[in-house]
Amino acid sequence: MKSMEQELLCPVCKDIVKQPIVLPCLHSVCLMCASEVLVQSGYPQPELPPEPNSPASTPNTRSPRQMRRPMPKSDRVDRLLRSGSGTYPGRRRKEGPPLVMLFPCAPCGRDVELGERGLADCMRNLTLERIVERYRHTVSLGSVAVMCQFCKPPQALEATKGCADCRASFCNECFKLYHPWGTPRAQHEHVQPTLNFRPKVLTCPEHDQERLQFYCKSCQMLLCSLCKLRRIHTGHKIAPVTQAYQTLKDKITKELNFILSNQEMVMTQITQLENAITQTEVRVSAKEQLSHCMKEIMALLTERQTMLDQALESSRQRRTEALANQVAEKRSLLEHAGLMAFTQELLKENDPSSFVHAARITHNRLAQSIESVQRFSLSADPSFRHFQLDVSRELKLLTDLNFIQAPLAPVIDTQRTLAYDQLFLCWRLPQDSTPAWHYSVEFRRRGVVPGGGRLEEVTGTCAVIDRLEMDSVYVLRVRGCNKAGFGEYSEEVYLHTPPAPVLNFYLDSRWGLHADRLVLSKEQRCARSVPGLSLLQAADRALTSCHLTADLLVGDVAITQGRHYWACSVEPGSYLVKVGVGLESKLQEWFHLPQDMASPRYDPDSGHDSGAEDSSDSPPPFSFLTMGMGKIYLPSSANSHHANANYRESGFTNGNGPSSPAGVTYPLPPRLGVCLDFEKGRVTFYDAHSLRPLWEGPVDCSAPVCPAFCFIGGGALQLQELVANRNANQTPVRRVTIQSRVTKLN
């Protein structure tokens, strides 16, 4: 028991807690310490009760006659807390918003909001007080006697009983004296003698004498019977405190048993940590590497300095030589030296031919000397002003010189990440992150503990994972790596694989498209319906009847067996688009004999064309789900109740009010998934993003069945592209496979 003393220390005074209170962050501190912290923070001094062992609380100076007066009630500490903390003398109710107290909690490392009343809302931790009392009795006070608080010294006797109602310890004689037989005091609760008495039970901080009998699971706080009636707790999950007590106790017992049953694992981890500490203390490789890098930098700087010194000295020698030659040239222009003396002797020549032959070069030299005298300038710059070093960039680099940091946790790109025929995971690094050499992708099925999945190295910022199990949830996360090692993992992303193999097909244009209304993309995976000339010609009848033709598109495949899944996205601004399946023969008949929107068969209020009018016993030849104007219409039937219930649980609400027998509307999902079970004759529609079922119904599968799409008015849809068929011009990604014997998604 002595080893648990660390759990009993106050985080402020670092001593065993006295009269602990529970802060809103669930940490416990001494009442006196909390008061001192608030005063140091600039708040007024709260009015606190005297400590249990102070002279004011020991009634040994009182006479038995005085003791017959009503004793302090058991909740005196709480009542005094409520009266003084967080209020200000003279403050009126209408003087503006109340002051919110902030308590700097040391374990949390942040300020905790106490509210207007400050410590008045913080209840005492009676359980911790009882644990501290048992600890003191076992470790420290086992042989220390508690003296009677009513015996007059020096004849004070050892206390034998304590009274929880009187909050005092008595010897046998004093107890009989102050608890006469036949009086209400004789019914007081007897406890072991102690110097620290506490209330019997917790009471509401706002309502005196009201016991805390309820627990609000939404607010995670105890309530009395009056607090339970407040409007703030309307609609919250409130349970009796006994139920919350039993639930929490069972959880703690289960957690304790788990830890106690895994003591070997804990000891192994402690050994690993101790070995890591030892390796940290003796590891010198990092220091040696730092010293080696600094020596390389210093050697490079010395080498560079030597090279620059040589360049500077070479330039100085060239300039000195040039200036010395210029000085010699100028000296030759003096009267009795050099060129001047030679010219004077040359002028003494009288033979014209010899003079002309020898004097031309002298003439040139004299002309150059005259020009140099008239345009005198130094032949070399002696200032060396061009030999200046700009080391600002280098100094900044040296200032920023630091150890390499591991990459930060990547951010998953949820817009591009998806699960279809394969899993496509895409991510990016934060802007302030160091670059990564490569990435490690971890993927596992939900239910497998973290670290138990497969790891693959990826050089780019996206990865493709194939060979997956159908209708399974995979958990993926990624982290970067560089010279400093691996960084933190990204947040986990959950991807749900389709419930059946993915069917790849294209839109079929062989059924005679209306070129003025339907336009297919070059890849035949996208279709757009544009109201054309036919609608303009029928504009004069728009006010009397509806003559909008339903344009049909089908897939270029016919399904004759198995289960298949495909997905598409409908433009939110589309007027009406129907997505579903149908018998190929019936669809061709419908296409060649189109019905207008005024027909009861295509009543827009039905929202779902199933052909059920043909026969009530046989399954319908086709089944569609209607979307338009940013909504999706889910018809109500016996087959769709389960799917609609799942969709309501996902958080969507009906924009048209309460659901009716005719069906409900929900916001249009980004992608719609369709799953056809040919053998069972069932078709299920999904929210392809979360794989939540939307609607399920029957369809006639006695003949080949085709995917079908119907446009009423303007609209557009696009088939989901296979991950395996992505554009080859995009950045290549590393393919990741799971080595297991599972069904491969096509």
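**Close-up views of the predicted model**

The chain has a mean pLDDT (the predictor's confidence in each residue, from 0 to 100) of 77, and 76% of its residues reach 70 or more. In this predicted model, local features need pLDDT of at least 70 and side-chain atom pairs count only at pLDDT 80 or more, whereas totals for chains, interfaces and linings use all residues. Residues are numbered from 1 along each chain as its sequence is written, and side-chain values use heavy atoms, without hydrogens and water.

**View A. An open sheet of seven antiparallel strands.** The strand order is β21-β22-β33-β24-β29-β30-β31; strands are DSSP runs (E, at least two residues) numbered from the N terminus, and two of them pair if DSSP finds at least two bridges between them. β21 (518–520) and β31 (692–698) each have a single partner strand, so one side of each edge strand lacks a neighbour in the sheet.

**View B. The antiparallel pair β29 and β30.** Six bridges join β29 (residues 672–677) to β30 (residues 682–687). Asp-677 stands opposite Arg-682 in β30.

**View C. The largest nonpolar core, with 52 residues.** Such a core is a set of buried (under 20% relative accessible area, 1.4 Å probe, protein chains only) Ala, Val, Leu, Ile, Met, Phe, Trp, Tyr and Cys residues joined through side-chain atoms within 4.5 Å. Tyr-420, Tyr-565, Trp-566, Val-579, Ile-632, Leu-676 and Phe-709 touch the most other members. Strand β24 (residues 563–570) gives the most to this core, with five residues.

**View D. Residues 610–615, where pLDDT stays under 50.** For this stretch the model has twelve contacts (heavy atoms within 4.5 Å) beyond four places in sequence. Where pLDDT is low, the predicted coordinates should not be read in detail.

Conventions. Helix = DSSP H or I, 4+ residues; strand = E, 2+ residues; numbered from the N terminus. Buried < 20%, exposed > 50% of the residue type's maximum accessible area, 1.4 Å probe, protein only.
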